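Please read the points alongside the displayed coordinates.

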Amino acid sequence: MSTKTPTAIDAAATIVREYFSSPIRSLLSWVTPLAEQLAAAERSGPLTRAKVDALVRPYALETLALPGVPVYGAGFIAAIDLLSDARSHLAWWQGAERRQLVLASQSVNKENIDYSALEWYRVPMSTGDPHVAGPYVDYLCSDEYTITIAAPAEVDGARIGVAGLDLLVSAVERDLTPRFAALGHEVTLTNGVGRVVVSTDPRCATGDSIRGSRLEGLPRVACAGVALDVIVEMS
């Protein structure tokens, strides 16, 4: 292996770690206070969608304004059957206008969706750790290739849902591609199952699997604190 390759790989991993650490820190800064507020609200009476929305809204809007990170959507996804007036609920704000997502107005099927099996919900709820999910086409919110970062909310050891934010892959690509290109090698960012998130290699597209490709045999380095890997290919 060239002596330059480890340096390029380490630099790429650092770029990714630094880029995603800010939104992860943002979620972790408010998920516990929110959980405490939700618990207090429930002690005073049934926990409803309206109560949850009112508590989540300031945190979501603050996250949408996070400097240096192209956050597209943010909010809280309640655990199934947590609320008294809905089996499931997303308290979610998104887009340039920062409007609340109203699922019932989009599709009669979305308002009662069982998101318990979706990666961005399932993994942090089962592990208790923040998780980066994607890329995937987000048919629930943006209908675009999306990366979702989520962190579990807990009350007395019980997980009551996840705080989350969405990054559109197109925006992440605009941010990371020039930084990767400056390293002088082809850099590919992949998720935990080996699907391409962003790549400077024109032969790689978002969502491609590296399995069976020339990239599969190249060194992969995990980005600390983020469930993503980088692959650097010598040109």
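1. On a 1 Å grid over the protein atoms alone, a pocket is an open set of points where a 1.4 Å probe fits, with protein on both sides within 12 Å along at least five of seven lines; lining residues have an atom within 4 Å of a point. Grid points are joined across faces, edges and corners, and a volume is the space filled by probe spheres set on the points. The largest pocket comes to about 310 Å³.

2. This is a predicted model, in which local features need pLDDT of at least 70 and side-chain atom pairs pLDDT 80 or more, while totals for chains, interfaces and linings use all residues. Residues are numbered from 1 along each chain as its sequence is written, and side-chain values use heavy atoms, without hydrogens or water.

3. The lining of the largest pocket comprises 18 residues, with E119, W120, A133, G134 and Y136 nearest the centre. Strand β4 gives the most, 7 residues; α3 (119–127) and β4 (131–137) each contribute at least two. Helices (H or I, at least four residues) and strands (E, at least two) are DSSP runs numbered from the N terminus. By class the lining has 12 nonpolar, 4 polar and 2 charged residues, where Ala, Val, Leu, Ile, Met, Phe, Trp, Tyr, Cys and Pro count as nonpolar, Asp, Glu, Lys and Arg as charged, and the others, Gly among them, as polar.

4. An open antiparallel sheet is formed by 4 strands in the order β8-β7-β10-β9, two strands being paired if DSSP finds at least two bridges between them. Because β8 (196–199) and β9 (220–222) stand at the edges with a single partner strand each, one side of each lacks a neighbour in the sheet. Neighbouring strands are turned by 25° against each other on average, direction ignored. Helix α4 (169–181) packs on the sheet, touching β7 (186–191) and β8, and its direction makes about 45° with that of β8. Contact means heavy atoms within 4.5 Å; axes are lines fitted to C-alpha atoms, for helices over the stretch in contact, with angles from 0 to 180 degrees between N-to-C directions.

5. Strand β10 is joined to β7 by 6 bridges and to β9 by 3. D229 of β10 is the bridge partner of T190 and also stands opposite A222, while I231 of β10 faces R220. In the β9–β10 hairpin, with 5 residues between the strands, G225 takes a positive phi near 80°.
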